[in-house]
Amino acid sequence: MSMRPNHVIGTADFIALPRVFIDLETTGDSLAEGGEVCEAGLVKVDPVSGDALAELNLMFGVANPFGRSEEELSYHRYNGFTFAEWVDAILAEQALDQLNAFCAGCVPWAYNVSFEFRWLADYFYRYGRDWQGDYHWHCLMTKASEALRPDFLAGRITKLSLSSVGAYLGLGEEAKPHRGLTGARYEVQIDARLNTRRQSAR
């Protein structure tokens, strides 16, 4: 029941591993407060070319232990949760197993990595699973803050949100309502733009 895998790999192998961008949607702030993961979007990316290799969208079954309204569960329509669309969602442990299999042997990335890691750690503990991806998690927000530091200091960009950074990099704002797969795709695009900026600055 751990987010740390049982294998250890060398540096060369680590660099060659595919990356997987993960975007989770939740119905609350924590499991303890009745929140749950409702959706996960994942995009697997080639570590050299940056090309998308595969995508996965998972709708997690929601038990809604506190009997919250659809408006509350959707974070006031921030995410795409509706009772009608989630009626056929698979059990949370089945969705978690599919997510785990998709991430096996990959280096995980997320925009706000502490959010995705915390939620997945809680779910892996709850359902007694062991993480199959690499344990080196990478934060795209940190990468963006470092790459865009001169722009922040000059006041050209003032917010570090996913949508604000994407818009500043010329991607336009993220589609609304926010969904797992659209979020993960948007993260891949932001990462590519940041890599291009870094290469052009050399």
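What is the handedness of the crossing of α5 and α8? In this predicted model, the crossing of these two helices is left-handed.

## Packing of α5 and α8

Helix α5 spans residues 140-147 and helix α8 spans residues 180-200. Their axes come within 11 Å and cross at roughly 30°. Angles under 35 degrees count as roughly parallel, and α5 and α8 are therefore roughly parallel to each other.

On the α5 side, the contact is made by L140, K143, A144 and A147. These residues meet E187, I190, D191, L194, N195 and R197 of α8. By class, the residues of this contact comprise 5 nonpolar, 1 polar and 4 charged.

## The largest pocket

The largest pocket has a volume of about 540 Å³. It is lined by 24 residues, of which D23, L24, E25, Y78 and H178 are the closest to its centre. Two or more lining residues come from each of β1 (19-26), α4 (113-127) and α7 (162-168).

Strand β1 gives the most to this lining, with 4 residues. The lining of the largest pocket is made up of 9 nonpolar, 6 polar and 9 charged residues.

## The second largest pocket

The second largest pocket holds about 450 Å³ of space. Among the 21 residues that line it, R19, P47, W109, N195 and R198 are the closest to its centre. The elements that give two or more residues to this lining are α1 (11-16), β1, β4 (107-110) and α8.

Helix α8 gives the most here, with 6 residues. The lining of the second largest pocket divides into 11 nonpolar, 5 polar and 5 charged residues.

Most residues other than glycine have a negative phi, and most peptide bonds are trans. Two sites in the model are described against that background.

K176 and P177 are joined by a cis peptide bond, with omega at about 0°. P177 is located in the loop between α7 and α8. The other site is N64, a residue other than glycine whose phi is positive, near 50°. N64 lies in the loop that runs between β3 (52-59) and α2 (70-73).

Technical notes:
Residues numbered from 1 in each chain as written. Predicted model: local features only at pLDDT ≥ 70, side-chain atom pairs only at ≥ 80, totals over all residues. Heavy atoms only, no water. Axes fitted to C-alpha atoms, helices over the stretch in contact; angles between N-to-C directions. Parallel < 35°, antiparallel > 145°, perpendicular 65-115°, else oblique. Left-handed = near helix turned anticlockwise from the far one by under 90°. Contact = heavy atoms within 4.5 Å. Nonpolar A, V, L, I, M, F, W, Y, C, P; charged D, E, K, R; others polar. 1 Å grid on protein atoms, 1.4 Å probe; cavity = no way out; pocket = protein on both sides within 12 Å on 5 of 7 lines; lining within 4 Å. Points joined across faces, edges and corners; volume = space filled by probe spheres on them.
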